[in-house]
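Student: Can we go through a few strands and helices in this one? I'd like to start with the strand pairing.

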Amino acid sequence: MIQADIQRVTERIIERSRDTRRDYLAKIRRAHRPGVSRTQLSCGNLAHGFAASDPHDKAALAVDRAANFAIVSAYNDMLSAHQPFQDYPAQIKQAARELGAVAQFAGGVPAMCDGVTQGREGMELSLFSRDTIAMGAAVALSHDMFDGVLCLGVCDKIVPGLAIAALSFGHLPCVFVPAGPMESGLPNAEKGRIRQLYAEGRVGRDELLEAESQSYHSAGTCTFYGTANSNQMLMEILGMQLPGSSFVNPGTPLRLALTRAAVTHLNQLSPLSPDFMPLGEMIDEKSIVNAIVGLLATGGSTNHTIHLVAIARAAGVLIDWQDMAELSEVVPLLCRIYPNGLADVNHFHAAGGMALLIRELLDNGLLHEDVSTIAGKGLRHYCDEPFLDKDGEVQWRSGPLASLDSEIISSCSAPFSREGGLRLMQGNLGRSVIKTSAVKPEYRVLRAPAVIFDDQNEVKARFDAGELDRDFIAVVRFQGPKANGMPELHKLTPVLGVLQDRGYKVALVTDGRMSGASGKVPAAIHLTPEALDGGPIASLRDGDMLELDAEQGILKVMDDAALARPPADYAGGHEQGMGRELFASFRRVVSSAESGASVLGV
């Protein structure tokens with residue numbers, strides 16, 4: 001039985017989405033045609049579509065008895081998380097042939113890494129890369145050649161972009177195929193300690209690079225619980241990835257078997273199957289609520305307060321931060337994964353992983369069980385975990401009934417926190433979100449004077465000059481989507497962390513983003529309206545007293561008179577270099593963070 005508060009929020013979302021969901025379903029139902037898609041093509045169209053195929057695939061595509069699957073991949077060999085995808089197309093094509101189907105590589109999409117661009121100008125392209133990924137994937141799917149989609153992506157903007165595109169082509173079934181995390185390296189807490197020592201000038205670049213290289217050391221996703229691994233959790237709890245497939249390491253026999261099994265499941269969902277299930281019909285309001293619950297229960301990335309809004313909207317479902325905040329009040333925090341704890345995602349997987357988490361949430365009425373998934377009807381399928389049988393084929397068995405490490409995964413009867421790790425902040429400065437799961441209670445409430453910055457690099461400069469050894473709230477503004485693309489400001493974490501460790505009460509308020517790895521310093525982020533869009537934050541000055549209360553959800557300037565000042569001038573200049581001028585049109589039309597920071601109008 002679903003808990004009453006979960007049901008109440010779900011019903012509100014259903015009612016709010018009534019018109020948009022109806023229109024969306026009508027659209028994808030008009031796009032569906034019985035049989036395989038390519039029967040709509042002329043002979044000339046079809047000849048172009050299989051001209052380069054090998055003889056076996058060409059013969060299959062020439063008739064209408066074989067499903068054809070699109071492969072859309074974010075492969076590149078610079079980024080560790082996406083490098084394993086190099087071999088996936090060949091594996092997928094062979095698996096499809098064995099099923100009497102065909103798979104074609106339909107297109108590649110960009111995959112930028114926020115870890116590489118952190119603190120650099122390239123980060124200003126990051127958020128908008130999500131929408132270019134969505135558009136690029138849509139181009140790949142635009143040929144009416146395909147009867148299903150395999151999406152290969154892992155990291156921050158890539159999975160949301162692929163999900164938006166797949167839902168836009170929601171008349172097709174879709175399976176997401178992950179690559180898995182790298183094996184555990186230098187513990188994340190130790191990496192963070194070295195970063196702070198470097199920020200203080202107590203270790204040099206050589207020591208810092210050595211620590212970073214021991215942490216990020218091989219193919220696979222970074223092991224902390226940032227946006228990339230939050231993506232994997234979301235795709236699984238949405239039923240868009242195979243049960244237990246999110247956190248299996250690359251290059252293992254089980255990883256290969258799961259990739260092949262993804263093709264089998266997609267074939268079972270194709271228009272030629274009696275179990276045909278298009279993605280747009282599969283993902284509904286209950287699915288989206290499940291995703292929010294999963295995010296809260298695991299202390300997932302704040303980036304998904306933006307991305308989930310956009311993903312849901314692509315399916316005609318309207319959610320907002322109020323929904324997330326109300327769910328956070330009743331969903332307990334069940335996981336301690338760095339930066340919310342010392343464990344990484346490999347430890348989480350070993351402690352019971354997604355199967356245990358989903359079972360615990362289902363058994364306590366916190367998830368909707370009656371949803372459709374690629375594994376079949378009902379989320380109970382996702383209480384199972386994969387294993388290899390004696391023939392090397394993947395099978396599923398019941399996952400653990402209790403945590404194998406209660407310091408990593410707890411239970412609803414003894415959670416790490418009675419509430420989820422997210423709080424909606426409101427007051428005379430606007431609305432923002434704060435991730436509380438990694439912030440100790442004694443740091444969650446403070447009143448302190450503002451120190452104003454219009455560029456994140458100014459924070460480090462003033463820190464190095466010894467000007468920040470005091471209690472203060474750093475206000476870093478003109479960082480919203482209209483100003484400069486809403487870059488992540490994770491570069492600020494070591495500096496503010498050092499000051500907190502020195503005994504000062506510090507916090508961050510910004511219309512920008514923080515990394516999914518943001519941690520122990522309270523940070524009210526995604527402030528809307530942003531400074532460049534009439535936000536009150538533009539009127540603040542050094543010394544204005546601010547109140548940040550993450551327990552009560554309050555963010556305000558104490559003296560309302562401060563808001564009567566004219567806004568500060570915006571320096572701008574973000575059309576120079578690094579391809580940023582290409583995104584000028586995006587910034588002019590982008591919606592607010594609370595609306596999903598989208599330019600697509602989905």
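Tutor: Leu 446 has Leu 548 in S15 as its bridge partner. This is a predicted model, in which local features need pLDDT of at least 70, side-chain atom pairs count only at pLDDT 80 or more, and totals for chains, interfaces and linings use all residues. Residues are numbered from 1 along each chain as its sequence is written, and side-chain values use heavy atoms, with hydrogens and water left out.

Student: Which way do S11 and S15 run, and how many bridges join them?

Tutor: Strand S11 (residues 445-453) and S15 are antiparallel, joined by five bridges. Strands here are DSSP runs of E with at least two residues, helices are runs of H or I with at least four, and both are numbered from the N terminus. Two strands pair if DSSP finds at least two bridges between them.

Student: And what joins S15 to S16?

Tutor: Four bridges, again with an antiparallel run; S16 covers residues 554-557. Leu 546 has Val 557 in S16 as its bridge partner. S15 and S16 form a hairpin with four residues between them, and Gly 553 in the turn has a positive phi of about 75 degrees.

Student: Why is S15 described as largely enclosed?

Tutor: Because four of the five residues in S15 (residues 545-549) are buried. Buried means under 20% relative accessible area, exposed over 50%, and partly exposed in between, with a 1.4 Å probe and protein chains only.

Student: Switching to helices. At what angle do H7 and H8 pack?

Tutor: About 40 degrees, with the axes of H7 (residues 126-140) and H8 (residues 158-168) 7 Å apart. That angle makes H7 oblique to H8. Angles under 35 degrees count as roughly parallel, over 145 as roughly antiparallel, 65 to 115 as roughly perpendicular, and the rest as oblique. Axes are lines fitted to C-alpha atoms, for helices over the stretch in contact, and angles run from 0 to 180 degrees between N-to-C directions.

Student: Which residues meet there?

Tutor: Among them are Arg 130 and Ile 133 in H7, and Pro 160 and Leu 162 in H8. Contact means heavy atoms within 4.5 Å.

Student: Last topic: what's the strand order in the open sheet?

Tutor: The order is S2-S1-S3-S4, with parallel pairing. S2 (102-108) and S4 (174-176) are the edge strands, each pairing on one side only. Neighbouring strands of this sheet are turned by 20 degrees against each other on average, direction ignored.

Student: How many bridges between S3 and S4?

Tutor: Three, in the parallel sense, with S3 covering residues 148-152. Cys 151 stands opposite Phe 176 in S4.
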